[in-house]
Amino acid sequence: MRIERRLEQPRWLVVVVPVVSLVVAFAFATVVLLATHHAPLHTFRRLFDAAFLSNGALTETVVAATPLAFTGLAAAVAFRMNLFNIGGEGQLYAGAITGATASLLLAGAPSPVAIGLMMLAGAAGGAVLAAIPGILRAFFATNEIITSLMLNYVVALVIDYLIFDSHSYLRDTSGFQANVFPQGKQLPDAATWSSWTIHGLVVPLGALVALGLAVAVWALYSRTRFGFEVRVIGDSARAGRYAGMRTRRKILAVMCLSGAIAGLGGASQDGDFRHQLDPRGLTQANYGYAGIVVAALARYNPFAVVLVAFLLGGLQNAGYTLQGADFPNGLVGVLQGLILFCALGGELFVRYRVRFERRRGPAAVEPAS
Amino acid sequence: MRPATSGTIRVAGRTLHGGDPREAIAAGIAYVPEDRLGTGVAPGLSIANNVVLKAYRRPPASRGPLLLPRKIRDLAQRVIERYDVRTSGPDVPAWQLSGGNLQKVVLAREFSGEPVLLVAASPTRGLDVAGIETVHSYLREAATRGVGVLLISEDLDEILALADRVVVMYEGAVVGEREAERATVEEVGLLMAGGEEAR
């Protein structure tokens with residue numbers, strides 16, 4: 001048995017492989033569910049209902065999917081150039097901090113101004129943070145995986161410090177409860193991002209921004225000279241230099257772009273959903289790391305990122321609904337893990353194929369090609 | 001090839017500051033690198049994209065910051081037909097081409113920049129007989145068109161067959177210069193190995 005790279009990737013594979021992966025995942029899940037005395041079909045039905053069908057489920061799924069779309073796009077943008085920005089997590093926190101600060105400073109400003117500047121501040125916060133591993137990588141050949149990952153911990157501590165360990169500008173220090181239960185200041189109403197309700201489905205502004213970004217990223221990468229350079233450098237940095245491309249500038253630019261998208265996701269958390277700087281909620285959600293999975297599953301295609309974020313958002317949302325007295329949290333995690341594992345594992349078969357061949361003994365010689 | 005540590009580079013009277021590929025391209029230097037797959041082309045990208053690896057900055061491949069994919073495809077189609085590249089189309093990734101066909105794409109691209117100087121480093125290494133013939137004929141064609149050709153090779157038969165003037169380097173220094181018509185394989189080989197009496 002041999003695993004070899006496919007010479008051609010038939011288009012049907014792109015559809016068949018994920019479907020088969022899902023079937024395999026459900027087969028494994030069935031075994032787990034039977035072993036734990038749960039009815040498999042009933043559980044799958046509930047999972048699907050909770051994600052997409054039941055009342056308000058779709059709205060919750062969009063809420064869960066929006067940050068994943070941002071961090072997924074952030075990862076995809078960088079990974080396309082073989083630039084492994086693992087710092088989406090920290091860049092999202094940074095954007096949440098700068099976004100919340102901007103909205104508090106702008107108290108009294110009209111809503112469109114406040115929201116617009118909040119987005120700018122969030123994007124800038126993420127971009128500045130991402131510029132650190134970007135500069136290190138571009139000019140000192142430092143491994144960006146390590147540096148961007150380590151910065152996640154730094155920013156996680158900073159965001160904790162701002163609310164729990166200090167009397168910072170962002171912390172709510174008024175009232176009797178504020179010292180016992182520290183939390184972020186409530187953001188002004190004008191800084192609440194708009195949302196639209198269509199047939200009971202609530203679409204937050206952040207989700208639309210993420211969609212717009214997906215289109216913009218696609219256009220940037222497939223229709224501009226900048227995108228061409230990113231694709232060449234991502235495929236072979238030596239070929240890029242040979243062709244006279246400025247690889248250092250491109251590394252820095254792509255890193256900042258990636259950070260800005262993640263930071264915008266952080267600002268969307270402030271403005272769309274949380275309405276305060278919420279360190280506990282953000283650090284427990286792991287949006288940045290989940291975004292890496294989203295990008296990988298989407299094969300770095302921005303439109304696929306949005307779709308995968310939506311599906312993963314549904315899976316996450318279903319998880320919250322499913323868990324209860326009869327269905328432990330751990331089991332939800334096992335099911336989610338199985339589905340993700342099979343989906344990622346299946347990817348192998350899009351790019352590679354397995355060939356079975358009989359051993360013909362040492363005399364057999366490969367025909368010259 | 002290694003980065004320069006001293007000296008100047010002059011092409012057709014123009015002094016280059018060195019170390020900047022873009023400046024060299026602008027000065028009309030075409031370069032066929034020794035490492036075809038990886039430097040000469042971006043292996044995962046399509047033939048079409050590799051054809052415009054250097055020309056993507058100007059029309060017709062792009063207009064301002066925008067890329068024109070249809071024009072790029074047309075350019076590649078013309079290269080495939082004119083240089084007889086054996087492939088099923090311009091969208092095929094470069095790594096699927098054979099060495100000879102890959103070298104045709106590289107040469108086609110380098111000629112399309114209308115160079116004044118062509119630097120070719122071991123352009124026939126690893127090619128089959130037909131591929132070597134093709135590359136040789138393109139190098140000769142370039143020379144007849146008035147392009148200066150600097151062929152870097154360790155294949156002495158190739159050098160003596162193609163070159164007008166042979167310059168031998170040993171341990172980073174020029175150790176000898178001969179008219180190709182009067183040079184022999186033995187003499188050049190001796191110089192290459194650092195032989196004193198041949199100088």
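Start by selecting Arg145(B) and Phe111(B): Arg145(B) lies over the face of Phe111(B), at 5.6 Å from the ring centre. Keep in mind throughout the tour that this is a predicted model.

**Stop 1: aromatic pairs**

Stay with the rings for a moment. A pair of aromatic rings is described by the distance of the centres and the angle of the planes. Over all chains, a search of the whole structure turns up 9 aromatic pairs. Select Phe79(A) and Phe84(A) to see one of them: the ring centres are 5.0 Å apart and the planes stand at 65°, so this pair is edge-to-face. Phe79(A) is buried, at 6% relative accessibility, while Phe84(A) is partly exposed, at 27%.

Next, move to chain B and pick Tyr83(B) and Tyr138(B). Their ring centres are 5.1 Å apart with the planes at 55°, so the pair is tilted. Colour the chain by secondary structure here, and you will see that the pair links distant parts of the chain. Tyr83(B) sits in the loop between helix H3 (69-82) and helix H4 (99-112) of chain B, whereas Tyr138(B) belongs to helix H5 (residues 129-144), 55 residues apart. Are these two tyrosines buried or exposed? Tyr83(B) is buried at 7% relative accessibility, and Tyr138(B) is buried at 12%.

**Stop 2: where the chains meet**

Now show both chains in separate colours. On the chain A side, 22 residues are in contact with 31 residues of chain B. The size of an interface is often given as the accessible area lost when the parts come together. For chain A and chain B the buried area is about 2300 Å², with carbon and sulfur atoms giving 57% of it.

One to display is Asp35(B) with Arg238(A), where the closest N and O atoms are 2.4 Å apart.

H8(A) gives the most, with 6 residues.

**Stop 3: inside helix H8 of chain A**

Zoom in on H8(A). Of its 11 residues, 8 are buried, so the helix is largely enclosed by the rest of the structure. To pick them out, select Gly227(A), Phe228(A), Glu229(A), Val230(A), Arg231(A), Val232(A), Ile233(A) and Gly234(A). What do these buried residues pack against? Within chain A, their neighbours are H7, H9 and helix H10 (247-274). From chain B come helix H1 (21-26), helix H2 (47-51) and strand S5 (66-67).

Follow the chain into H10 of chain A and click on Ser268(A), which lies in that helix. Ser268(A) is buried, with a relative accessible area of 0%. Leaving aside residues up to four places away in sequence, Ser268(A) touches Thr66(A), Phe70(A), Trp193(A), Gly206(A) and Phe273(A).

**Stop 4: backbone details**

Finish by switching to a backbone view. Most residues other than glycine have a negative phi, and most peptide bonds are trans. In chain B, select Pro59(B) and Pro60(B): a cis peptide bond joins them, with omega about 5°. Pro60(B) is in the loop between H2 and strand S4 (62-63) of chain B.

Then return to chain A for two residues with positive phi. Arg299(A) has phi near 50° and is in the loop between helix H12 (287-297) and helix H13 (302-322). Tyr300(A) has phi near 65°, and its place is also in the loop between H12 and H13 of chain A. With the surface on again, Arg299(A) is partly exposed at 33% relative accessibility, and Tyr300(A) is partly exposed at 26%.

Conventions. Residues are numbered from 1 along each chain as its sequence is written. Chains are lettered from A and ligands numbered from 1 in the order in which they are written. This is a predicted model: local features need pLDDT of at least 70, side-chain atom pairs count only at pLDDT 80 or more; totals for chains, interfaces and linings use all residues. Side-chain values use heavy atoms; hydrogens and water are left out. Rings of Phe, Tyr and Trp (its six-membered ring) pair if their centres lie within 6.5 Å; planes under 30 degrees apart count as stacked, over 60 as edge-to-face and the rest as tilted. Buried means under 20% relative accessible area, exposed over 50%, partly exposed in between (1.4 Å probe, protein chains only). Helices (H or I, at least four residues) and strands (E, at least two) are DSSP runs, numbered from the N terminus. A charge sits over a ring if NZ of Lys or CZ of Arg is within 6 Å of the ring centre and within 35 degrees of the ring normal. Contact means heavy atoms within 4.5 Å. Buried area is the accessible area (1.4 Å probe) that two parts lose on being put together, summed over both. A salt bridge is a side-chain nitrogen of Lys or Arg within 4 Å of a carboxyl oxygen of Asp or Glu.
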